[in-house]
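Work through the exercises below with the sequence and the 3D structure side by side. Try each task before reading its solution.

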Number of protein chains: 2
Amino acid sequence: MQAGIIGLGLIGGSLGLALRETKMFKSIAGLDTNELHAQQALSLGLVDEILELQEIKECDIIFLATPVEGIIETLNHISPLSAHTTLVDLGSTKQRILESVPKEIQKNFVPAHPMCGIENSGPKAAFKELFNGSLMILFDCQESGDFQKAFAKEVFLALGMKILKMDIFDHDHHAAYISHLPHIISFALANVVLRQEDPKSILALAAGGFKGMVRIAKSSPVMWSEVAKQNQENLLESIEAFQKEMQQSKEWIKQEDWHSLYEWMENANHLHDIF
Amino acid sequence: MQAGIIGLGLIGGSLGLALRETKMFKSIAGLDTNELHAQQALSLGLVDEILELQEIKECDIIFLATPVEGIIETLNHISPLSAHTTLVDLGSTKQRILESVPKEIQKNFVPAHPMCGIENSGPKAAFKELFNGSLMILFDCQESGDFQKAFAKEVFLALGMKILKMDIFDHDHHAAYISHLPHIISFALANVVLRQEDPKSILALAAGGFKGMVRIAKSSPVMWSEVAKQNQENLLESIEAFQKEMQQSKEWIKQEDWHSLYEWMENANHLHDIF
């Protein structure tokens, strides 16, 4: 069997390395519209060969691992596929991508979301352990073929992933709060410090707390501006909920209501009782 | 020589362990108004004995390692001290503490700020490596005695710390941006998720990015509400600067100005060019 990966950045490149370890595939082909990334992926050994879209279509299983707008773009050009091909989407948002799947390849299509992104991007960031032990979200997608769903699941388990089933609507809502909003916050915090008069002197004081908060401000602007576009409504809702908390805490600090501030901080502590 | 530590939580307790390693002191005494913490510190071996304030005053060097309001409280009761005693304040804010030092012990007093706090608190969180390799901020404080400044510095170097000198005013401003604001943001993000209809399902998706952002939401509400009280103005300024970034990014998402959002994210990436 042959696997194909479209998009050879952190996710696609790491997938190439991890799929090779499973020994399930005779060869692993890749495609990246960024010529430099395609060549890097090849020379780093992330994939065995670089193919064109028309050739990669012949693979038994094809993974869509580009930023989310690129996934929609690919869906517009990849149809038709053979009845037994499995097409796995690894995008961070789901609603808009699902609306973009051409009817004739709905049976081939298996949406999935690996919860293992890190702040580094591009082929050089790839490493074979990225998926091992991480969570893969799968969806109750009635249009997907039973074979395709079973095959994709088999591959994810071979990668050492844990599987969690979720409703598409819930996923996009939850992902806004757990992933998309935190990225916006991290970008905002980084920009706040950079806009100060003397960011270097401020950053000289940075310890573990700050570093943890701005780590994901290093993430790909292409990926995250496209996520914002595709999950616009949920993201706006989550930003507004977050703004209310910031405004409330600011009011308490302004009014010197230290007791309410204390209780709000204590309530936040309870997050760590849950996970 | 004998060292005394007032406040036996993460900082004070870890200091007890680390001071013992330096072999500079014959014994290390502790004090904590929380009786349970005092007993835990003793049974965990963080200090050699528990003393009253009047006894601990006799130590050669005394460290103030309580939350910042407790430091001011102690300053009101610890005076007078022998001319050769060194009194080191380890609080996270400086302006208000400095205003609270009684004139007769200004020479004894050395303000310092270790940039190595973590999210866990209390004596059980203490560990002897906390200070090793971390940054200790020292201040151009003209009132401190030369001997006291030199002695405190000697101890910090023996703990394996790096020394950075800073102006008090700059410190409180910079600390608001690099430490106090990030804590407020982390508490806010934790509270946003906890207030959702089904926080457990949302948290099931949590991966490294989110975990890094809410780690410090586990921090002590006593410590951080008191920091907010003592650094109120700088913190309010930093919250407002942060709110502007959040509001701006929300507007772009609402207006579908993906290009501006992209550029803003790309600008945030530059933080990692500096540190």
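**Exercise 1: a charged pair**

Asp89(B) and Lys94(B) form a salt bridge, with the closest N and O atoms 3.0 Å apart. A salt bridge here is a side-chain nitrogen of Lys or Arg within 4 Å of a carboxyl oxygen of Asp or Glu. This is a predicted model: local features need pLDDT of at least 70, side-chain atom pairs count only at pLDDT 80 or more, and totals for chains, interfaces and linings use all residues. Residues are numbered from 1 along each chain as its sequence is written, chains are lettered from A and ligands numbered from 1 in the order in which they are written, and side-chain values use heavy atoms, without hydrogens and water.

Task: are Asp89(B) and Lys94(B) buried or exposed?

Solution. Take the cut-offs: buried is under 20% relative accessible area, exposed over 50%, partly exposed in between (1.4 Å probe, protein chains only). Asp89(B) is buried, and Lys94(B) is buried too.

**Exercise 2: Lys128(B)**

Task: which residue forms a salt bridge with Lys128(B)?

Solution. Step one: the partner is Glu21(B), and the closest N and O atoms are 3.5 Å apart. Step two: Lys128(B) sits in the loop between β6 (109-115) and β7 (135-139) of chain B, and Glu21(B) in helix α1 (residues 10-22) of chain B, so the pair ties together parts 107 residues apart in sequence. Helices (H or I, at least four residues) and strands (E, at least two) are DSSP runs, numbered from the N terminus. Step three: Lys128(B) is partly exposed, at 39% relative accessibility.

**Exercise 3: the whole structure**

Task: how many salt bridges are found over all chains?

Solution. The search finds 18. One network of salt bridges links Glu240(A), Lys250(B) and Lys254(B).
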